[in-house]
Amino acid sequence: AVPGKGNPKARIIFIGEAPGRTEDIKGEPFVGSAGKKLSDALAKNGIARDSVYITNVVKCRPPNNRVPTESERESCRQYLESEIDIIKPEIICVLGNTASNSVLGQGEITKHRGKIIEKDGKKFFLTFHPAAIIYNQELAATFESDIATLAKLVKHG
Ligand code: URA
């Protein structure tokens, strides 16, 4: 399993989909090419990676990186809820459609990204999954501006 990693007092939690191959080997979330995109965007906006907490909807790598099934998500749901309950972040940043579907029951990242959504007394901020921006300059620019928005939201409380 690849558990979440980061600051137990983080003001931001990032939630991705599932560990990929590199994450499975290293036992840490977002340490492959998508992770590098996330780290770079954080660094550009003055957010130290070890100041936040990074996790995934499911904690084990699905074979061949397929999208996690409903029962896999269900098996891991309690872990994710506990991570959020213990850390009590100011903002939960949901990365991509799979995470958004699992956490908020809605996809359509393109429609809802870049702004705060309040649900069950928690604040969620949606943006693209960093893997989606690797070969798409337009999405990459939007992702970076979303992370800049997120950094400002946290700075100003
Ligand atoms: N993609 C994810 O959704 N999570 C990771 O940890 C790595 C890549």
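Select α1 (21-26), which gives the most to the lining of the largest pocket, with three residues. The model is predicted, so local features need pLDDT of at least 70 and side-chain atom pairs pLDDT 80 or more, while totals for chains, interfaces and linings use all residues. Residues are numbered from 1 along each chain as its sequence is written, and side-chain values use heavy atoms, without hydrogens or water.

Helices here are DSSP runs (H or I, at least four residues). A pocket is an open set of points on a 1 Å grid over the protein atoms alone, where a 1.4 Å probe fits, with protein on both sides within 12 Å along at least five of seven lines; lining residues have an atom within 4 Å of a point.

Now display the pocket itself, which holds about 350 Å³ of space, a volume filled by probe spheres set on the points. Of its 18 lining residues, the closest to the centre are Ala18, Gly20, Glu23, Asn65 and His129.

Then select the ligand, which takes up the space of the largest pocket (more than half of its atoms lie within 2 Å of the grid points). Around the ligand are Gly16, Glu17, Ala18, Pro19, Glu23, Pro29, Phe30, Asn56 and His129, each with a heavy atom within 4 Å.

Finally, inspect the polar contacts (pairs of N or O atoms within 3.5 Å). A polar backbone atom of glutamate 17 is 2.8 Å from a ligand oxygen atom. For phenylalanine 30, a backbone N or O atom lies 2.9 Å from an oxygen atom of the ligand.

Key:
Polar contact = N/O pair within 3.5 Å; in protein donor to acceptor, adjacent residues only side chain to side chain. Helix = DSSP H or I, 4+ residues; strand = E, 2+ residues; numbered from the N terminus.
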